[in-house]
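Welcome! Let's take a friendly look at a structure together, starting with the overall picture and then moving to some details.

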Amino acid sequence: MSIVKKIPKLEQIAPVYAVIVMLVYPWTIIRYFWKLSSWALFTSLGDLANYFAYMMALNFLESIIILLAPLLLNMILPPKWFYDRFVTRGVSLVLLGLGYLILLNRNMNALDPFPWDMIRLIPIVAVVILILVFLIDRIPFVPRILDELSNRALVFLYVSIPISVISVLVVLIRNIY
Amino acid sequence: MSRSTLNRRSFLKAAATLAPAIALPNLVSWLDARHNHLQTSPPTIIVILFDAMSARNLSVYGYPRATAPNLERFAERATVYHSHMSGGNYTIPGTASLLTGTYPWTHRAINYSGQVKSSLVGSNIFKAFGDDYHRLAWGQNVWSQFILTQFADDIDTLLEPGTFGRLSYLIGTHFKNDQNMAIRALDDFIFKNELEPASLLFGTLERTLYFRDSNKIASDGYARGIPRNVNYPVFFRLEDLFAGMASLLKNLASPTFAYLHLFPPHAPYRSSEKFFGKFVDGWSPVRKPVHRFSDQLSNQILKTARRSYDEYVATLDDQFGRLFDFMEASGVLENSYVIVTSDHGEMFERGEKAHATPLLYDPIVHVPLLISAPGQKTRRDITSPTSAVDVLPTLLQLAGKPAPSWSEGKLLPGFGGVEDMERSMFVMDAKNSIAFRPFKKASISMRKGNYKLIYYTGYESDDSFELYDLDADLEELTDLYPQQPAIAKRMKEELLESFLDANKAYTG
């Protein structure tokens, strides 16, 4: 199979990307709403929109980079291993990977010691995640659940993509002029 | 034929006669030119601001611990203001008052991470100095950088908080055309240190790299680790900062207005080993009653924190001594006005530590102000109360510029102003109020002569007042509010009138 043919179709990529968006964007948006009460004391609506633009632009970039992980794996591995089950395996990969990232992130606060142990575990966790990705869809009901989840998550893209594009433009314009 | 020859003796004689004849007029004209240059060309003005430096903890102001011997040396060739008050009780309002010459109720930079109201952004000291000055600013405290980046259009050289530091993971500073918004959105929100990062991938990555790199920084010579910015990933060594400042001052264009806002001695207090334990001396400050609006910290905690602070101040002063020697040797002090001040003080009493408090007692609001004029060799002391808002019109006057109408300050005594014991000056904390609405929750201190009235509104169901006579009771132990009704009434009326005036523009 040629490299070009191994590139997944848009309808395969979109559900995986939707799951990434579903996790990455709200992580920042929730914090935005936490901060809103203190910003509201001194910030204009225009500035609140600008904070939001920076946030969305950053999330957009993050989500694209995270999407590269299943795409890269897909290019490296034989089609039977990944391409043929791109949505199921891609979704399980990003769910498990982002799950660990969430765990790591939650432990990075100012009060507790830095979670070096969790950082050192990353290579092992990565191997475990890879193994799980290849095992998990052997459980009969899992592929159906992952497909359902990713299809339902697609709705987020209708909101996130236009807002992200506008946000990137806002950030670019603010930094050019 | 006899030949007249110039022997060695007659040559030396002739040279001895001719040399002064040739050189003296040159020397005189050089001195004249230099004098005229100093008289006619605008002077370079350098403001060195130490964040959170309370005058009450400095030996130059009579503190019993020898925290500032080098500031004492500097004071010997400066005008020393003994009752100088900040505009606010933390970086945002304090810095904004200094740089706009207005009180917090006017500039409205009153909240944590707050900013000067947009209509006043054009009314700042850098703009007032004008294009004929090279305007240089450095906000090592990220919050001071919030204010400085608002004035970025009027600053020729704006240094980043990480300048002269060992490590900076600030991201917003790379967005040169939109630094204010980028620092706020990225460094003060998404990547801010106090909580877990608000970005899953980049935040986690940034935090990991930052912790990895910060662990690699050598902390030799610093007993508690090297100094750092609180809440933001900026590490520095004091000796680097001052060496950097010396090289900066050496190469200043003439004339320059330089505003150098240093982070130390702001917490965390990281004294060098040389001063660590220096003040384990058995000395204790006057014990004061715990205030109901304080954090109710124990006396032991306050005592330990005060000692750490004093040791950090002494460390800072030691480095300032090196800069002072450099400025003396290099002629900077001969050619420039050098101003040493702070944006607010620090307190360790009444159950409260540091400065995030509504309590506007003297240690919080009394800040150093020392001004060394070009070539000044003797000390001058000014005891009448002065305010941070006075610095802007005074510096402009030194530069030969008119005091702007928007400034609420007056010329400082000793530099064109008069000692005015009847003038009222204000310090304000309103961090929990909305910047574009009338103040609902605030504390305000009003200084008039030797009296000081503190007003708390919005903290309890009823407003409350405290009155002190600072001449008789510098430690503010005896509340005269019930005992001196006439003075209390007069000052209360004036304070409330000013407060209502400030609120008027924002009411309905």
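## Chain B as a whole

What percentage of the 508 residues in chain B do buried residues make up? Buried residues make up 51% of them. Here a residue is buried if 20 or more other C-beta atoms, placed from the backbone, lie within 10 Å of its own.

This is a predicted model, where local features need pLDDT of at least 70 and side-chain atom pairs count only at 80 or more, while totals for chains, interfaces and linings use all residues. Residues are numbered from 1 along each chain as its sequence is written, and chains are lettered from A and ligands numbered from 1 in the order in which they are written.

Chain B has 14 helices and 18 strands. These are DSSP runs numbered from the N terminus: helices are H or I with at least four residues, strands E with at least two.

## A helix on the inside

Helix 13 of chain B covers residues 391–398, and seven of its eight residues are buried, so the rest of the structure largely encloses it. Among the buried ones are Val391(B), Pro393(B) and Leu398(B).

What do they pack against? Their partners in chain B are strand 1 (44–50), helix 3 (91–100), helix 5 (125–129) and strand 9 (336–341). Just after helix 13, Gly400(B) takes a positive phi of about 80°.

## Where the chains meet

The contact between the chains takes 30 residues from chain A and 31 residues from chain B. Two residues are in contact if their C-beta atoms, placed from the backbone, lie within 7 Å. On the side of chain A that touches chain B, helix 3 of chain A gives the most, with eight residues.

Notes:
Buried ≥ 20, exposed ≤ 12 C-beta atoms within 10 Å, placed from the backbone.
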